[in-house]
Amino acid sequence: MASSLPHAHGDHAPFDVAVVGGGIVGLHVALGLVRRGIPVTIYEQAHELKEVGAGMGFTSNIVGCMAAIDPKVAESLDDVSIRSGGSVRWIDGLAQEDLRSRPKERLFDVELSLGEEAIARTTHRGQFLNELVKLLPPDQIKLGKRLDTIVQTGENEKLLLKFCDATTSEADAVIGCDGIKSCVRQLVLEEDDPAAVPHYAHESAYRCLVDMDKALPVMGDFCKTMVMYMGQGAHLMAYPVDNFKSLNVAAFVHDDGEWPQSEKHTVLGSKEDIQKAYSGFGPTVRSLVALLPDELNRWAMFDTFDHPLLTYAYGRITLAGDAAHGSTPHYGSGAGMGVEDALVLSTVLEQAATKMKTHGVAVSKARALTAAFEAYDAVRRERSQWLVRCSRRQGQKVKGLDREIGKDFDKFKKHTKASMDKLFYYDFRAMLQQATDEFEFRVSGSIPL
């Protein structure tokens with residue numbers, strides 16, 4: 001959907017936006033707004049922009065969303081990504097054979113062939129973030145700004161953002177892209193609302209990069225593509241990044257208990273812990289685990305599964321990405337969902353600007369912005385919360401913990417394909433048309449279309 005607003009610096013929209021959070025999703029939101037002539041400032045609590053974690057992937061339809069946000073975003077991804085083949089593969093990691101000796105016709109226990117829309121581009125989070133930062137003027141990113149509160153002084157007055165360093169700023173609208181532990185989410189909900197905070201998904205992950213020169217001798221050709229190794233109570237995913245110089249490894253372990261740290265989602269893990277969790281796996285997976293560093297971080301998986309939000313729109317404040325629908329990573333689509341959010345937000349906010357310019361005082365700032373965020377919520381909440389539920393279950397399936405699926409590879413394949421089709425073949429253009437219609441319905445009233 002082409003942008004209709006002029007992009008010249010002097011013809012801005014009649015409102016400005018504060019984006020809280022400078023991660024992948026926050027940058028996509030900001031770049032979409034800049035492209036459409038909407039003044040925006042990112043406020044990031046860290047003193048430097050950096051992404052935790054290692055690898056991430058985006059399917060072709062998400063790259064299409066990026067291009068619709070701003071063609072330069074998709075071009076930046078191309079510069080730092082590897083194009084992965086159109087198949088997703090799983091292996092029974094418990095198989096007590098040397099997987100490298102398998103005949104070619106049965107390398108994988110489950111394989112899903114995907115169309116062109118599902119072909120992924122895998123990249124290193126930090127590299128992609130750096131490319132996105134280059135696309136924004138430096139004065140639009142404010143670092144070291146930990147949000148304390150948002151004060152609303154009047155329906156059409158500026159929102160006042162107060163930060164923990166005693167500074168303040170103003171904006172007409174606020175978009176919370178501040179991740180799974182979102183401060184904005186806590187501010188818009190009641191203090192005792194369980195949805196205000198994320199909840200432990202009963203698994204943790206050990207993530208790291210392994211030098212490809214070390215991985216190749218023990219994994220062979222399995223290093224050259226994304227493979228997931230299923231198990232009992234644990235599973236492992238590995239795929240190449242950094243132009244095949246490194247193997248990104250994510251080892252997931254189920255946990256029946258509660259996470260011991262309420263504030264910290266990451267603790268120091270040990271190689272001994274992870275080797276114990278994978279002791280029942282076959283020799284190939286155990287050999288890969290043996291290559292992991294002696295000390296590595298253990299990341300708790302938190303999500304919004306237990307207490308999904310009833311809405312993403314709170315007047316002139318809204319939530320996007322993990323702040324709205326934090327998910328476990330088992331479909332690799334959490335960031336992609338945030339990119340879809342960013343495209344819808346860019347589209348409806350551009351509509352709001354156009355409506356205000358066209359109708360003048362007949363459409364107030366509060367009315368236009370509230371309608372834009374309500375339209376965004378109407379088209380994004382059902383799909384994004386479906387991913388949260390679906391991903392939580394996928395994590396159980398690959399660990400042999402799903403009672404319906406169990407170890408039945410045919411059932412696993414059928415169930416997984418249905419979910420992947422819904423993710424990877426999504427028509428984002430229809431989504432934008434729906435968002436456009438939803439906005440018009442909410443904002444128009446007696447205003448002629």
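**Notebook: helix 11 and its neighbours**

I started with helix 11 and helix 13 (residues 428-444), which pack at about 140° with their axes 8 Å apart. Here axes are lines fitted to C-alpha atoms, for helices over the stretch in contact, and angles run from 0 to 180 degrees between N-to-C directions. Helices are DSSP runs (H or I, at least four residues), numbered from the N terminus. The angle makes helix 11 oblique to helix 13, since angles under 35 degrees count as roughly parallel, over 145 as roughly antiparallel, 65 to 115 as roughly perpendicular and the rest as oblique.

A note on the source: this is a predicted model, where local features need pLDDT of at least 70 and side-chain atom pairs count only at pLDDT 80 or more, while totals for chains, interfaces and linings use all residues. Residues are numbered from 1 along each chain as its sequence is written, and side-chain values use heavy atoms, with hydrogens and water left out.

Next I looked up who touches whom (contact means heavy atoms within 4.5 Å). On helix 11, A368, A371 and A372 are among the residues that meet helix 13, whose side includes M431 and F439. I sorted that contact into ten nonpolar, two polar and five charged residues. Ala, Val, Leu, Ile, Met, Phe, Trp, Tyr, Cys and Pro count as nonpolar, Asp, Glu, Lys and Arg as charged, and the others, Gly among them, as polar.

Then I checked helix 12 (residues 409-424): its axis and that of helix 11 (residues 365-397) come within 11 Å and cross at roughly 155°. That makes helix 11 roughly antiparallel to helix 12. Their contact has five nonpolar, four polar and four charged residues. W386 and K397 of helix 11 are among those taking part, as are F412 and H415 of helix 12.

Key: Helices (H or I, at least four residues) and strands (E, at least two) are DSSP runs, numbered from the N terminus.
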